[in-house]
Amino acid sequence: MPQPRFSDLEQKIDALISLCADLRQENSELRADVFNWRQERRQLAERNERASARVKAIISRLKAMEPDS
């Protein structure tokens, strides 16, 4: 194999190694984002449930205050 072709191959391999490292880093960051979004979603669902329960309690109290028809 002539020297220039070997050098080209070596450069391509180095580029692939670099790309692989970049993709691993990006994948790690994306996994962290997904984890954080899932936590946020869970927290929002819990807040929504608490708010819904409070609204239902308020409605019940209001209905209890209505005069009988």
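Gln3 lies in helix 1, where a helix is a DSSP run of H or I with at least four residues, a strand is a run of E with at least two, and both are numbered from the N terminus. The model is predicted, so local features need pLDDT of at least 70 and side-chain atom pairs count only at pLDDT 80 or more, while totals for chains, interfaces and linings use all residues. Residues are numbered from 1 along each chain as its sequence is written, and side-chain values use heavy atoms, with hydrogens and water left out.

With 57% relative accessibility, Gln3 counts as exposed; here exposed means over 50% relative accessible area, buried means under 20%, and partly exposed lies in between, with a 1.4 Å probe and protein chains only. From the C-alpha atom of Gln3 to that of Val34, 31 residues apart along the chain, the separation is 46 Å.

The secondary structure of the protein as a whole comes to one helix and zero strands. Its radius of gyration is 30 Å, well over the 11 Å that the globule rule gives for 69 residues, so the protein is more spread out than a compact globule; the radius is taken over C-alpha atoms, and the rule is 2.2 Å times the number of residues to the power 0.38. Along the principal axes, the C-alpha trace spans about 100 × 15 × 10 Å, and buried residues make up 0% of the 69 residues.

Turning to the charged side chains, the structure holds one salt bridge, a term that stands for a side-chain nitrogen of Lys or Arg within 4 Å of a carboxyl oxygen of Asp or Glu. The partners are Glu46 and Arg42, whose closest N and O atoms are 3.4 Å apart, and both residues lie in helix 1, four residues apart, which is about one turn of the helix. Glu46 counts as partly exposed because its relative accessibility is 34%, and Arg42 is likewise partly exposed, at 42%.

Elsewhere, Asp22, Glu26, Glu29 and Asp33 form a negative surface patch. Patches are made of residues with over 30% relative accessible area and no salt bridge, like charges being joined within 9 Å and nonpolar side chains (Val, Leu, Ile, Met, Phe, Trp, Tyr) within 5 Å.

Technical notes
Accessible areas come from the Shrake-Rupley method with a 1.4 Å probe; for residues, only the protein chains shown count as cover. Lys and Arg count as positive and Asp and Glu as negative; His and the chain ends are not counted. The place of a charge is taken as NZ of Lys, CZ of Arg, CG of Asp or CD of Glu.
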